[in-house]
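This briefing covers backbone geometry and salt bridges in the structure shown below.

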Amino acid sequence: MENNEALIIQILAHRNAAQLKLIRETYAATYGEDLLKDLDSELWSDFQRALLLWTLDPTERDAYLVNEANKQLTSSNWVIMEIACTRSSNDLFLVRKEYHARYKRSLEEDVAYHTTGDYRKQLLVPLVSAFRYEGDEVNMMLAKSEAKILHEKICDKAYNHEEVIRILTTRSKAQINATLNQYNSQFGNAINKDLKSDPKDDYLSLLRATIKCLTRPEKYFEKTLRLAINKLGKDEWALTRVVVTQAEVNMQCIKEEYHKRNSVPLERAIAGDTSGDYENLLLALIGHEDA
Amino acid sequence: MAVSDELGALTRAFSGLGVDEKALISILGKWHPEQRQTYRKGTRDFFIEDERQFERWDDYHVIQLQHEFLRFKHAIVLWTMHPWERDARLLKEALHKGPQHKVLVEVACTRLSDELLGARKAYHSLFDQSVEEDVAFGIRGPERKLLVALVSSYRYEGTKVNEGIAKSEAKFLSSAIKGAAGNKNLLENEEVVRIVATRSKPHLTLVYNHYKEITGNYLDEDLEGELYLQETVQCLCKPQEYFSKVLDASMRPDVDELKKEAVTRIIVTRADVDMKLLKQEYNHKYGVSLPNKIEDVANGNYRDFLLTLVARGD
């Protein structure tokens, strides 16, 4: 079967995850092979990578991305953090389960093994192991006291202090939001402003991004897209990853945020930066809800 | 029965785990006021002479008795609970009742991965928080990282293992333990924590075996005195031995209430899992069968209930 790319885009980009699963199963039953195997056989272009990722169901996709990130070096930390912080507790757990099935190891053992250097392991392993409470209940007294603790540690420049890690990696998102609001009102600055002391420090960037992912994911994704489109980030597959993973999830929100921040619609920015089949696929995916 | 025999029987009915309901009914139930007074005057353990000339129940013993009467109820309730709720409540109690942080290790390391996940879900429902946030908040010492990692783990449950990595991790542990030289601070070694908190049980068993080959010693024995690490390795690699030890220690005379509760906890949580192996291990270690030991130390309905649970897997 020849890759008629336009047709593939049309079929795959306008299906939701459940339908994609059906397509893969039907393909396998008809041709006796995994659809993905066909795509695998050529060298991966951006287009093919995007197509491959889109065809996986969200859980498989996240497991694949984490496994890939483990094998790489620096910017890959962000992928692990991004997945750990922006998925729901249940979804993250499904990823961990899928990881067992696919890679015959636990996600946390791989992340722990492959991250070296204190700061990454200390933050990333608890982030991927968390099963945060998902309710809206908030304990205001705790929020106040933990805001104080965060402020204290930040003033001491103890950015990877146990308490900072504890608060960010175990508290529910609602609780963290409340804590950071308290931080702002008690100390006059948003926490990420106070964490900007050294713009070159990788760990601090990761920490700020973690906080953003936990509290304002659409802003995090907007920034990631902006840097990728303007070729400013170090994360070369960011554009593909964000569009594919957020297409069925949060894309409307991200598009609004992008437009607000950049005064140009996301579609135009992507069209300006990409071309050919890759461009068509991305545009189809971000317009997914309208299709 | 002669009166003196009855006094002895009554004391026995009140001693040990649970109470002998039948004996209490048949003896106490028929005693006249004078006989009961004789009992009170003769049992200095339970009754003290009040300054206003009457024999008063000793408060401490009333509380003890309350525990013993409730032991059967507690076992029934725990047994009937959904295992997720049961483990969630055990984790919560481990943090607040005592506390008994070793029970955190026990629950986190001896359950299957999906069972531990279930317990974490139940914890959300019961306590409106995640277990890891409670553990992290409630524990301040060097063991915090290990304990949070243990309750957060979702270990791979398949049989696939990597021999090379297991060998190198065994080597690493051996030099880490030598290097710690009894300073009891292995908990602060991140790599040690990483290995025990994230690797699968089959992998850790391989590490355990390689460790023996390399050093000639057993890993858990070399971890003697290392807070929580010894228990962690035992629970992960030799759970039946761990449970036998804890059971035996809990059934000794004159242990505190928290220790006594381990009997119910272990028998209820293992009855459907590995009771047969547990019995074998217990017998092997202590030379007496577990059912016989329970007959010795427990009374009444509580005893009968435990024996029924222990008979599973026969």
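A:S263 is exposed (over 50% relative accessible area; buried means under 20% and partly exposed in between, with a 1.4 Å probe and protein chains only), its own relative accessible area being 62%. The model is predicted, so that local features need pLDDT of at least 70 and side-chain atom pairs count only at pLDDT 80 or more, while totals for chains, interfaces and linings use all residues. Residues are numbered from 1 along each chain as its sequence is written, chains are lettered from A and ligands numbered from 1 in the order in which they are written, and side-chain values use heavy atoms, with hydrogens and water left out.

**Backbone**
- Most residues other than glycine have a negative phi, and most peptide bonds are trans.
- A:S263 has a positive phi near 55 degrees, and A:K157, which is exposed at 56% relative accessible area, has a positive phi of about 60 degrees.
- The peptide bond from B:G98 to B:P99 is cis, with omega near 0 degrees.

**Salt bridges**
- B:E231 and B:K102 form a salt bridge at 3.4 Å, N to O; B:E231 is buried at 10% relative accessible area, whereas B:K102 is partly exposed at 41%.
- B:E132 and B:R120 form a salt bridge with their closest N and O atoms 3.2 Å apart, and both residues are buried.
- B:E241 and B:K285 meet in a salt bridge at 3.8 Å, N to O, and B:K285 is partly exposed at 33%.

Conventions
A salt bridge is a side-chain nitrogen of Lys or Arg within 4 Å of a carboxyl oxygen of Asp or Glu.
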